[in-house]
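Subject: Structure handover

Hello,

Please read them with the model open.

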Amino acid sequence: MLTRRAFLKTTVAASAIAGSTGLAALQSKRLESHDIPTLVFADENNLQATLFANTWNGSAPLPSATARDVAGQMGEIDNFCRTHPDGIVFGLTRDSDFFVLEHTAAQRGFSLHYRATHDFRGIALVHEIDAPHPVALPLSTSLQQARAAWPQMLASALPLIAQAEGALTRTQTAVAATYSGADSGYLVSWMLKATNAHAQTPARTSVS
Amino acid sequence: MDKPLPQGISPATFASAIAELQAVVGAEYVFTDDRAHLRSYRDAYSTLDDSNFAPSAAVAPKTVEEVQGVLAVARTHQLPVWTISTGKNFAYGGPAPRKPGYVVLDLKRMNRIIEVNEKHGYAVVEPGVSYQDLYNYLQEKGIKLWIDCAAPAWGGIVGNTSDHGAGYTPYGDHLLMQCGMEVVLADGTVVETGMGGVPNSKTSSLYKYGIGPWVDGLFTQSNFGVITKMGIWLMHEPPGYMPFMVTLPREEDLELITDLVLPLKLNMVIANGALTADLLWESAMSVTKRQYYTGKGPVPDSIRKKIATDLKLGMWNFYAALYGPQPIMDNNWKIVEATLRQIPGAKIYFDADRKGDPGWDYRAKLMRGIPNMTEFSLLNWVGGGGHINFSPISAADGKDSMKQFHMIRDRAHEYDFDYIGEFLIGWRDQHHIFMLMFDRLSDDEKKRAHELFGVLIDDAAKLGYGEYRTHLSFMDQIADTYNYNDRALWRMHETLKDALDPDGILSPGKMGIWPERMRGQQS
């Protein structure tokens, strides 16, 4: 579910992980020193989403998670988007939760900046990515190389994805899944930003 | 600008109209930027490319006067406006207009809860008020009234009621519980219906009919006016509530449960919007298809049986509730239990048996009017789930239910889709909702879903069934099935349309009702 923290705290981790992946070339473009308010969603009932959230959140405990009823999070995302028009919302959730949260945020002028589906198809895990052009292919490569650690890699790459600009470009990569049947499923990672904030300098608002 | 313009409107005229709309509501409430705003007015679940329903702009008035101003601009330029309330009518088109280029008249900013009367049990609301909004208001104020909500909490009360939506408490027939409305006609005239026609009326939310013709229904599922206010009756919080669930082990049990429940409904022993849902609908609340089956096409029977065993569900699952003082519930339960025990293998569950089961929890909430969003879990049944609902009316009759079930299931399987459905029991009918679930990221699945839906409309019509509600794509086809006496009913609608909206500006094509200037041009 939701954790809030400044992007600044994650850029170090991002560089550490991305340095060994296809995202290495993008290191120079990572966010520098701006704190950007963020709101993060993760499906607590899913192992990969929990790994994603834990990576993002560091050692801080997760307050809770998106449960089977996303109604509880609608007010939170609406309030965040209303009070932080310069903020960024992202998550690794079930598709239905993404749908509801995206539509709720859209009422505040937030639109899709990045989305990827993570689809366990029998023995393969297929990542299908719609990302800003500069990061689409490197991200795809990184996800492939990360193999089972893809949720952690994804969480670490979020600052780079957030900073990227350009039209969404679709890439797809498949890797052999090494997960148990219980983990088979379909997740969506996503990022929403206020459309009119794309060209703005990151604000200094900090949310802890 | 890559978005479409309204049919017959030049770029210069459109620009003038937008400027005039901005003067009416303020520039910040006229939306023309596709990426920033208009994307959210598209239909995410369309089986066609969503550009077929892409608006050119949206305008969000705050007051009746601003609605009048918007309609004046529309009349001047013959600008088609498509009215929405909260725009969450997903599965039936969401906020999207019938044709590309329309201007969405978005009433979300008209979101006042104007009145709540606890003694008489009603509320008067504007179109932007959602079920969650009204529920929160009642909770915050400690008002002992229940709402009856659509399954998704974000649905609008006015929008759902005017689309003939249904809920799950004893007040589940939403239009039946509607009392009085304020409507802005296309020419800007403001009409109060029913008792509201009397100035300073003291009973506009108490008695539906006033004197003379009762016209409220004319403004539902139609394009004859813009509803800007509505009275809705609310149920007094009962002293007791006892939801229950019955799992039915065989597909053919649908016939028996339907016939057994009808007398209980007619005699109001079971007073609420009870329903019978199929296995997969209930399963999708907690598991996904691929956890059990990764093959092509519908889930095989052998797998269905495993799912039923694992989740303690039936091939059909009946949900209902009793309400009232304990002695009355106790007495009624004796009647209900004796009836349900006639079904071989049926198992009865209560809250203590299934608490924590997402399927049970959300049904138990809905039957006592607690809004939630759990039903969206259905979309996870297939990855990237989208859905449109095929919604024929069935008799509350066992054989009729089975006939419709077989008709739809067999066609769905023919097109490689699962049957996911429920029968919501009304006073004498059933709303049969077939949730046609497809991968919205798959062009092939969308194409097959679109074809299947069209075939089902024809199949149903041949058997004498019509639908009660539908998606944008199929409004014309379904309207054409209501063709008794050379479309006499729709010709009457068209006569009314031409009289009330001679410029043809209001939601052209809604439910297959086209203004004269567009009639016969639709594709």
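In chain A, strand S1 (residues 38-42) pairs with strand S2 (residues 88-93) in the parallel sense, over five bridges. Ala42(A) stands opposite Leu92(A) there. Strands and helices are DSSP runs numbered from the N terminus (strands E, at least two residues; helices H or I, at least four). Pairing needs at least two DSSP bridges between two strands.

A note on the model and labels. It is predicted, so local features need pLDDT of at least 70 and side-chain atom pairs count only at pLDDT 80 or more, while totals for chains, interfaces and linings use all residues. Residues are numbered from 1 along each chain as its sequence is written, and chains are lettered from A and ligands numbered from 1 in the order in which they are written.

Back to S2(A). Six bridges join S2(A) to strand S6 (residues 186-194) of chain A, and these two run antiparallel. Gly91(A) has Trp190(A) as its bridge partner in S6(A). Six of the six residues of S2(A) are buried (20 or more other C-beta atoms within 10 Å of a residue's own; exposed is 12 or fewer, partly exposed in between; C-beta atoms are placed from the backbone). Ile88(A), Phe90(A) and Leu92(A) point one way, and Val89(A), Gly91(A) and Thr93(A) the other. In a regular strand the side chains alternate between the two faces of the sheet.

Next, Gln144(A), in helix H5 (residues 133-146) of chain A. Gln144(A) counts as partly exposed because it has 16 C-beta neighbours inside 10 Å. Leaving aside neighbours within four places in sequence, Gln144(A) is in contact with Thr173(A) and Val175(A) (contact: C-beta atoms, placed from the backbone, within 7 Å).

Now chain B. An open sheet of five strands has the order S5-S6-S10-S8-S9, with antiparallel pairing. Its edge strands are S5 (113-117) and S9 (190-192), each pairing on one side only. Within chain B, four bridges join S6 (residues 122-125) to S10 (residues 226-233). Val124(B) stands opposite Gly231(B) in S10(B).

Helix H8 (residues 326-340) of chain B has 15 residues. Its buried residues are Asn332(B), Val336(B) and Leu340(B). Their cover includes strand S12 (241-248) and helix H5 (253-266) of chain B.

Finally, the interface. 27 residues of chain B are in contact with 22 residues of chain A. The chain B side has eleven nonpolar, 13 polar and three charged residues (nonpolar: Ala, Val, Leu, Ile, Met, Phe, Trp, Tyr, Cys and Pro; charged: Asp, Glu, Lys and Arg; polar: the others, Gly among them).

Best wishes

Conventions: Two residues are in contact if their C-beta atoms, placed from the backbone, lie within 7 Å. The expected span of a helix is 1.5 Å times one less than its number of residues.
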